[in-house]
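Reader: Here is a model I would like to go through with you. Please set each term against its cut-off.

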Amino acid sequence: MKFLLPTACIACQGFQQSTICEKCLNLLKQSQVNRCHVCASPTINNQYCSTCQIKPPHFDSTLCLDYYGGCLTDAMHRYKYQYQVALAHGFIDAWISIYGKEFYESQSIDVVLPIPLSYKKLHQRGFNQSWELCKRFSKKLRIKRHGTVLMRSHLEENQALANKTERLMRLSNVFEIDRSSINWIQGKNIALVDDVMTTGATLNTIAQVLKDFGAQSVHNWVILRTPLKKYAECCPS
Ligand SMILES: [Zn+2]
Ligand SMILES: [Zn+2]
């Protein structure tokens, strides 16, 4: 039952042949305007938001399909918490419809990498939602993928209990590179794939690690972007 294929639009659930309907695709297209090129936060007619102008993050750009709270929110919940893994197809189909192939060719992406899950979370969920997206990006866009070059160390504690400074300090110790696969990182243009981007702190930390190990550029490919603080309470990643 976990892997049932969707027979309806992933967003509005209207019955149809493709994974997302024209009406919902148009909604996604409308949400592409006025976003910061670097972090995908809302901006007012600017290419860069004020935060990225003052203190640019380590990653180079962020592309996201929609905001959290938009038409794909329910699909994301079903994907992550009801284990409807096949929805990953719909997310990637929508992504490619919105951005076309030009966007990733312009970024000259060499490899797509997932955000690694802790063993505990992987065990609980049974799949890494980021890796499932990576696999489909890789297949449909013919880009290489690597599931283990980026690893999580075992130093994590309960993030919800830590304050912001403690969280950031811990984050910097959480991610490691498998040194035997360093050639997948050095000099490469990398796309980091994530389901939901909240503050961007995790992606920023990973981008820093990747650049410390010689990555040329790091781009976030995210399904949903949320500036809502509430998200962390109702929908922990
Ligand atoms: Zn629809
Ligand atoms: Zn920004």
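Author: The model has an open sheet of five strands in the order E1-E7-E6-E2-E3, with parallel pairing. This is a predicted model, in which local features need pLDDT of at least 70, side-chain atom pairs count only at pLDDT 80 or more, and totals for chains, interfaces and linings use all residues. Residues are numbered from 1 along each chain as its sequence is written, and chains are lettered from A and ligands numbered from 1 in the order in which they are written. Helices (H or I, at least four residues) and strands (E, at least two) are DSSP runs, numbered from the N terminus.

Reader: What makes E1 and E3 the edge strands?

Author: E1 and E3 (144-145) each pair on one side only. Two strands pair if DSSP finds at least two bridges between them.

Reader: How many bridges join E1 to E7, and how many join E6 to E7?

Author: Six bridges join E1 to E7 (residues 217-225), and the two run parallel. Asp66 has Leu224 in E7 as its bridge partner. Between E6 (residues 189-197) and E7 there are eight bridges, again with the strands parallel. There, Leu192 is partnered by Asn220 in E7. Helix H9 (residues 201-212) packs on the sheet and touches E6 and E7; its direction makes about 165° with that of E6.

Reader: Why is E1 described as largely enclosed by the rest of the structure?

Author: Five of the seven residues of E1 (residues 61-67) are buried, so the strand is largely enclosed. A residue is buried if 20 or more other C-beta atoms lie within 10 Å of its own, exposed if 12 or fewer, and partly exposed in between, with C-beta atoms placed from the backbone.

Reader: Why is Lys188 called buried?

Author: Lys188 has 21 other C-beta atoms within 10 Å, and the cut-off is 20 or more, so Lys188 is buried. Lys188 lies in the loop between E5 (175-177) and E6.

Reader: Which residues is Lys188 in contact with, leaving aside its neighbours within four places in sequence?

Author: They are Asp110, Val111, Ala215 and Gln216, where contact means C-beta atoms, placed from the backbone, within 7 Å. The C-alpha atoms of Lys188 and Asp110 are separated by 6.0 Å, although the two residues are 78 apart along the chain.

Reader: Why are H3 and H4 called oblique to each other?

Author: H3 (residues 73-81) and H4 (residues 87-99) pack at about 140°, with their axes 10 Å apart. Axes are lines fitted to C-alpha atoms, for helices over the stretch in contact, and angles run from 0 to 180 degrees between N-to-C directions. Angles under 35 degrees count as roughly parallel, over 145 as roughly antiparallel, 65 to 115 as roughly perpendicular and the rest as oblique. H3 and H4 are therefore oblique to each other.

Technical notes. Contact = placed C-beta atoms within 7 Å.
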